[in-house]
Structures are given as structure tokens and as C-alpha cells.
Amino acid sequence: ERVIFSGIQPTGIPHLGNYFGALANWVKLQRDAAPDDELLFSVVGWHALTLPQDPQALLAARTTMMALILAVGIDPKRSIVFHQDEVQNHTELAWILSCHTPIGKLKRMTTWKTRLAVSRNANDESEIDDSLLNAGLFTYPILQAADVLAYGTTHVPVGEDQQQHIELTRDIAETFNRAYPLPSPLLTLPKLMLTPSKRILSLRDASVKMSKSAIDPNSRIVLTDSADIIRARIRSATTDSIQGITYDPVERPGTSNLLTILAACTDEDVSTVAARYASKNHGALKADVTDAVIEAFKAPRAEFERLREETAYLQQIAEEGALKARQRSDAMLAAVRKRIGLS
Ligand code: AQP
């Protein structure tokens, strides 16, 4: 029996990367799961707070994300779908685990090192502007570990960028188990389940990944975009002036990104797709990517348009999901508390 847990931040409408890297993959996992596999999918509101958020926008984004998770095909009767911020067990476990995590381990997280690098004074490397470096940004990998460990999760489906965080989660669980070994290790060490599709890059600058919070909306295509917007965004996607189409992520990142998107839409290997376009031009590739993305987003978009009006239903699903998640994690928290000498 597997316990599969994954989450997504309510920081905007999911884009092609979130869709193929997370949501569509969750739907496949749900479809292929054995009857006794348990699946939990969470909108991780507390994670979103690590960056400044407008309260009204965050509130709306939480509901939108819930609706989109359902719209892509996650079935709340089969999977537990819930708002992380409605289940206090996550923050309680995060605090307990943070008291068992040396800060050196957090300092080695690439996400933290990247933030730190951005905040370094260009003239004096030893000076850091920490006004945007809140403590949550430093400790959120522990919250992520708590999200996973609270359910005895065995498998975490995520993209490559999350690999280090899953390793940290295992490390934290091991440390805890070593500190409180009796009568038997309590926390389950989860396995990383690497998403099969490749990382999708920005349409304007293929040196960075496509991101919900990037300032330029032309850099991404999101699940609610109309066919016209999709067409325009792909038409203006940065490529190169080399003749023919080849998959070469180093020399031709923009062109390769379009091949990656097409392969994700058609569920093929990127090399198979690339071979079909070897003697074609960028115009033909862009036209086909456009059609494929419009087709891939058509059903989820229509379902989202329907669901977004169903506020009472969405509320009910969120409440039921939170209740199930609470029930599911209460036993673990009680056991953890007992182990460490609290209540
Ligand atoms: N560009 C991407 N290509 C493939 N997968 C991606 N993911 C994110 N970007 C890409 C995967 O989406 C899942 C959920 O991500 P998240 O919402 O928790 O946060 P993120 O990874 O930080 O995604 P964004 O879009 O860049 O959000 P912001 O801008 O808010 O930080 C993860 O499984 C991730 O691998």
C-alpha cells in the first residue's frame, strides 16, 4: 500500500510547467493507483506566505487552485484534496521537526542559496539585504517535510527541482527516528517519484523555468488562457535562426522547449517528436505546438469555467478534504507528541 502526497502553492494560475510537471501527473497517478493506495493532494497556502502576498489575491488564488485541481480530473471521492492551511497538524509537526534540524542543513538548500545570492550587495559580497529574507523562506523545507511525514507518505511525486527537499525530508525523518527509536521507528522515509516530463522553460527567456510569479505574463501559458492568447504567446516565443528543428537544450533552448511542450502534450518521447520535425521550420513547429496546447487545455478550462461558479460545492469539497486530512494526520501527531514527551 502506497501513500502518495504532493502539493502546489496558490501563487497564481498553474502554467504548462505546473500542469505537466504536477497536475496532469497527479491525474495519471490517480488513474493508475492500486485500490489500497492512498492519494493526498494539497494546496499549500502556508508555503505561499514565504513571499509577500496580497491577502485578497491569496484568498481568491486558494479557491481557484482548488477548482483547477478538480477541473484537471482529480476526484475528491478517490483522493484527499485539501488546503494545507486548514490542517494545523502540519505546522505543529513542522515546529517539532525544526527543533530536530540543524540549521547547517537548511543553509545547504539550493533554493535558500539562490535567495541569498540575489540579496547579496553587488559591491560588497559580505553584505546582505535581508529585508526580503524572512525566516519562513529559510525554514519552509521543514514545513514541506512535515506535510509529507504527517501522513506516513511513501511516495512524493515532484519535479527535479524538489529532489533536494525530499532528501532533506528523509534526513529529518531519519534523525527523528534515531532520536526516538523505541518501540520502532515512527516516521516513514518517503521515496522521490520523479515526474517523467521535462521541466518547461519560460517562453521569453529559456534560461529560466516557466513560473507562476514571473512578472512577464508572455513568459507563460496558464490553464485559463484562451485559444487566442495561447496562439499569440507561442507565436512570440523566443527561438533561434538555425535552419531545421533539432532537440539541443544547450545550444537551442527555446526551440527545444517547444519540442518539450509538444512531447508533453502528445505524451511522447521528445526525441521521437524532434525526429518528425527535423526538416521542418519553426513556423510548422509553432503551429503544431499551438494546436496541441489548445487541445490539452480545452477540457480542463471548460470544466474550470463551470466549477468556478459552484462556490458552495467547492467549499464543501474543501471542508470534507480538510476533515479527512485532519483525521488522517491526527494519529501521527498524537504518536509524535507521545514520543517526544509531550502529552
Ligand atoms: N517550469 C516548470 N516545469 C515543470 N514543472 C514545474 N513545476 C513548477 N514549475 C515547473 C512543478 O510544479 C509543482 C508545483 O509547484 P509550486 O506551485 O509548489 O511552486 P514552484 O515549483 O515554485 O512553481 P512556480 O510556478 O515557479 O511558482 P512560483 O512562481 O509561485 O514559485 C512542483 O512539483 C514543481 O516541480
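Predicted model: local features only at pLDDT ≥ 70, side-chain atom pairs only at ≥ 80, totals over all residues.
## Two local backbone features

Asp267 is found in the loop that runs between α10 (253-266) and α11 (270-276). Although Asp267 is not a glycine, this residue has a positive phi of about 55°.

Pro183 is placed in the loop between α8 and β5 (191-194). The peptide bond that leads from Leu182 to Pro183 is cis, and its omega is near 0°.

## Confidence of the model

How high is the average pLDDT of the chain? The chain averages a pLDDT of 96, and 100% of the residues score at least 70. For the model, the scores are ipTM 0.96 and pTM 0.94.

## Domains and their contact

The domain assignment divides the chain into domain 1 (3-199 + 311-340) and domain 2 (224-306). Taken over C-alpha atoms, the centres of domain 1 and domain 2 are separated by 30 Å.

Nine residues of domain 1 are in contact with nine residues of domain 2. On the side of domain 1 that touches domain 2, α1 (16-32) and α3 (55-71) each supply at least two residues. The largest share of that side, three residues, comes from α3. Sorted by class, the side of domain 1 that touches domain 2 holds seven nonpolar residues, one polar residue and one charged residue.

## Surroundings of the ligand

Which residues are the closest to the ligand? Of the 18 residues that surround the ligand, the closest are Thr11, Gly17, Gly21, Gly159 and Ser213. Helix α1 gives the most to this shell, with four residues. In terms of class, the shell around the ligand is made of five nonpolar, nine polar and four charged residues.

## Packing of α7 and α8

Two packed helices are described by the angle between their axes and the distance between the axes. Helix α7 (residues 135-149) packs with helix α8 (residues 163-179) at an angle of about 70°, and their axes are 9 Å apart. Because angles of 65 to 115 degrees count as roughly perpendicular, α7 is roughly perpendicular to α8.

From α7, the contact is made by Pro141, Ile142, Gln144, Ala145, Val148 and Leu149. From α8, the partners are His165, Leu168, Thr169, Ile172 and Ala173. The contact of α7 with α8 comprises eight nonpolar and three polar residues, with no charged residues.

## Packing of α3 and α13

Helix α3, which also contributes to the side of domain 1 that touches domain 2, packs with another helix. The axes of α3 and helix α13 (residues 311-340) come within 10 Å and cross at roughly 85°. That angle makes α3 roughly perpendicular to α13.

Which residues of α3 and α13 meet? In α3 these are Thr63, Met66, Ala67 and Leu70, and they meet Leu314, Ile317 and Ala318 in α13. By class, the contact of α3 with α13 has six nonpolar residues and one polar residue, and no charged residues take part.

Note on methods. Residues numbered from 1 in each chain as written. Domains from an automatic or database assignment. Contact = placed C-beta atoms within 7 Å. Nonpolar A, V, L, I, M, F, W, Y, C, P; charged D, E, K, R; others polar. Near = placed C-beta within 6 Å. Axes fitted to C-alpha atoms, helices over the stretch in contact; angles between N-to-C directions. Parallel < 35°, antiparallel > 145°, perpendicular 65-115°, else oblique. pLDDT = per-residue confidence, 0-100.
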